[in-house]
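Biologist: I am new to this structure and would like to learn how to read it. Could you show it to me and take me through a few features?

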Amino acid sequence: MTRRVHARYEVVIGLEVHVHLRTESKLFSPAPVRYGEPPNHAVHPIDLGLPGVLPVLNAKAVELGIRAGLATHCKVHARSVFARKNYFYPDLPKGYQISQFEEPLATGGWLDVDTGGEPVRIGLTRIHMEEDAGKSIHDAAVAGADDTHVDLNRAGVPLLEIVSEPDLRSPAEAAAYLRALHRILRYAGVSDADLEKGQFRCDANLSLRPHGETRLGTRTELKNLNSFRFVEEALHAEIARQAALLDRGGRVQQCTLHYDAERKATRVMRLKENSDDYRYFPDPDLIPLVVDEAAIEAVRQALPELPEAKRARFEEHYGLSPYDARLLAESRAVADCFEAVAAALGGGAKAAKSAANWIQRDVLQALGERGLELEATRLEPAALGRLIALVEAGRVTAANARPLVAELLEHGGDPEALVRERGLEAVSDAGALEATVEEVIAAHPAVAEQVRAGEDKGLHFLMGQIMRRTGGKASPAAAREVLLRRLRGG
């Protein structure tokens with residue numbers, strides 16, 4: 001894929017991703033991290049910075065931050081420092097956000113991003129820890145026509161900010177980078193990264209410069225993009241806006257932008273602040289965070305197998321194609337399910353291919369139709385393995401087994417019992433199939449004559465008729481044998 005997306009200008013993109021860490025409590029307080037709570041029911045005085053309170057750092061958040069750094073090839077630093085980032089906002093009652101600034105937790109990593117051609121390596125500038133702010137609710141249905149309510153349940157939730165180098169050259173690369181980062185963070189158990197809950201959202205910095213120019217152009221920042229599709233759309237809109245401005249001889253002004261998805265256009269929110277505007281200074285209530293090498297190594301040893309390694313192993317160990325391996329490794333839950341089903345079928349390349357086919361064709365399709373993640377279903381890999389084994393033993397046809405996959409996802413259960421209760425056992429007895437075969441031949445004499453004369457093109461049609469008349473219960477192998485014996489003898 002070419003990295004040139006505009007005829008006259010090179011596109012330069014850097015992303016700042018904010019990720020909620022998977023902790024039970026907030027970064028500096030014992031308040032719970034729960035979604036769906038009534039407004040302002042998960043707040044502690046520490047989150048508000050009330051007089052007399054002191055923040056206490058959440059050790060689990062630190063461990064998850066280290067895990068994210070190691071999973072993205074960063075240097076995790078033995079010492080990092082929390083600072084106060086001062087700004088006024090209605091949903092930030094303290095008037096400052098505790099973040100890291102000059103000495104972050106980790107720096108200098110990278111991600112390899114697959115955009116359909118050669119992977120592109122995107123550098124990571126830094127990963128730092130910080131607390132989230134609250135949330136202003138402008139929804140008229142909730143707050144009233146002209147009012148804004150403030151919900152502080154989110155205030156103090158532990159965040160990582162993951163900042164990329166300006167290495168991305170197109171909206172498609174930006175979306176691919178975000179998907180790769182999202183996948184790794186979920187694999188590593190750092191975050192659930194639920195986009196709908198705002199657990200994974202990004203700000204995008206974009207500038208244009210003439211092809212061949214080495215100096216960066218003036219950048220603008222698109223705020224709070226929380227879907228991969230919106231990121232691409234917003235970047236395309238901003239590229240068009242900046243290019244039109246430069247073509248007219250204008251100058252891009254550094255600013256913060258909002259993306260209007262309905263108008264598919266960006267608009268200025270405010271002129272961009274610089275770091276000086278935030279008056280950072282080390283938080284006097286927090287000593288520097290010191291992590292010894294042994295603790296970092298312990299986290300490294302506990303890291304699970306990550307997507308790229310899993311893809312390679314799937315290809316080598318199971319003999320899967322690169323396409324199959326990539327699809328199955330996309331989600332850790334799906335990858336684990338695949339391996340468990342393959343093991344239930346006896347292991348080896350044949351079992352793996354069978355498991356891969358059923359998961360890709362039936363499980364992923366059913367999940368997509370229901371908008372579900374595999375983790376949210378009741379599917380037990382062993383049960384799916386038993387269902388596939390029933391098909392391969394000829395005890396139920398694939399056509400009748402497929403609807404049961406969706407049932408296992410939604411309700412779980414024993415596939416043998418489901419087949420028995422529904423009367424789905426395959427009919428493989430030749431005697432029982434004779435009458436149906438005779439009926440089909442009698443109903444379609446011309447097609448039967450073609451097959452009798454040695455032409456196979458009508459065979460599929462007649463088999464389809466047999467399946468229809470038996471409700472999909474006829475064993476395909478047995479029915480084909482009876483049909484051919486009846487028409488061609490032997």
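Modeller: Gladly, and let us start with D167, which counts as partly exposed because its relative accessibility is 26%. The general idea is that buried means under 20% relative accessible area, exposed means over 50%, and partly exposed is in between, using a 1.4 Å probe and protein chains only. Before going on, note that this is a predicted model, where local features need pLDDT of at least 70, side-chain atom pairs count only at pLDDT 80 or more, and totals for chains, interfaces and linings use all residues. Residues are numbered from 1 along each chain as its sequence is written, and side-chain values use heavy atoms, with hydrogens and water left out.

Biologist: Where is the place of D167?

Modeller: D167 sits in the loop between β10 (158-164) and α4 (171-187). Helices (H or I, at least four residues) and strands (E, at least two) are DSSP runs, numbered from the N terminus.

Biologist: Which residues is D167 in contact with, leaving aside its neighbours within four places in sequence?

Modeller: Contact means heavy atoms within 4.5 Å. With neighbours within four places in sequence left aside, D167 is in contact with R3, I13, R121, I122, G123 and E173. D167 and I122 are 45 residues apart in sequence, while their C-alpha atoms are 5.7 Å apart in space.

Biologist: How do I read a polar contact, and with which side chain does E131 make one?

Modeller: A polar contact is a pair of N or O atoms within 3.5 Å; within protein, one must be able to donate a hydrogen and the other to accept it, and residues adjacent in sequence count only if both atoms are side-chain atoms. Here, the side chain of E131 makes such a contact with the side chain of K94, at 2.5 Å. A polar atom of the E131 side chain also lies 2.9 Å from the backbone nitrogen of I98.

Biologist: Is E131 buried or exposed?

Modeller: E131 is buried, because its relative accessible area is 4%. E131 belongs to strand β7 (residues 120-131). Not counting residues up to four places away in sequence, E131 touches several residues, including L27, F28, Y96 and L159.

Biologist: What about nonpolar side chains: which residues have the most contacts inside the largest nonpolar core?

Modeller: In soluble globular proteins, nonpolar side chains tend to be buried together. A nonpolar core is a set of buried Ala, Val, Leu, Ile, Met, Phe, Trp, Tyr and Cys residues joined through side-chain atoms within 4.5 Å. The largest one here has 109 residues, and those with the most contacts inside it are I162, Y177, F200 and F338. Helix α10 (residues 348-370) gives the most to this core, with 9 residues. Apart from this core lies another, of 18 residues, among them A474, A478, L484 and L487.

Biologist: How should I read the way two helices pack, say at what angle α14 and α15 do so?

Modeller: Axes are lines fitted to C-alpha atoms, for helices over the stretch in contact, and angles run from 0 to 180 degrees between N-to-C directions. Angles under 35 degrees count as roughly parallel, over 145 as roughly antiparallel, 65 to 115 as roughly perpendicular and the rest as oblique. Helix α14 (residues 430-443) and helix α15 (residues 445-452) pack at about 105°, with their axes 5 Å apart. The pair is therefore roughly perpendicular. In this contact, I441, A442 and A443 of α14 meet P445, A448 and R452 of α15.

Biologist: At what angle do the axes of α4 and α7 cross?

Modeller: The axes of α4 and helix α7 (residues 307-318) cross at roughly 85° and come within 10 Å. These helices, too, are therefore roughly perpendicular to each other. R183, I184 and Y187 of α4 and P307, K310 and R311 of α7 make the contact.

Biologist: Last, which value of phi does N40 have?

Modeller: Most residues other than glycine have a negative phi, and most peptide bonds are trans. N40 is not a glycine, yet its phi is positive, about 60°. N40 lies in the loop between β1 (9-20) and α1 (45-48), and is partly exposed at a relative accessible area of 40%. H73 is another residue other than glycine with a positive phi, near 65°. H73 is in the loop between α2 (59-71) and β2 (75-76), and its relative accessibility of 39% counts as partly exposed.
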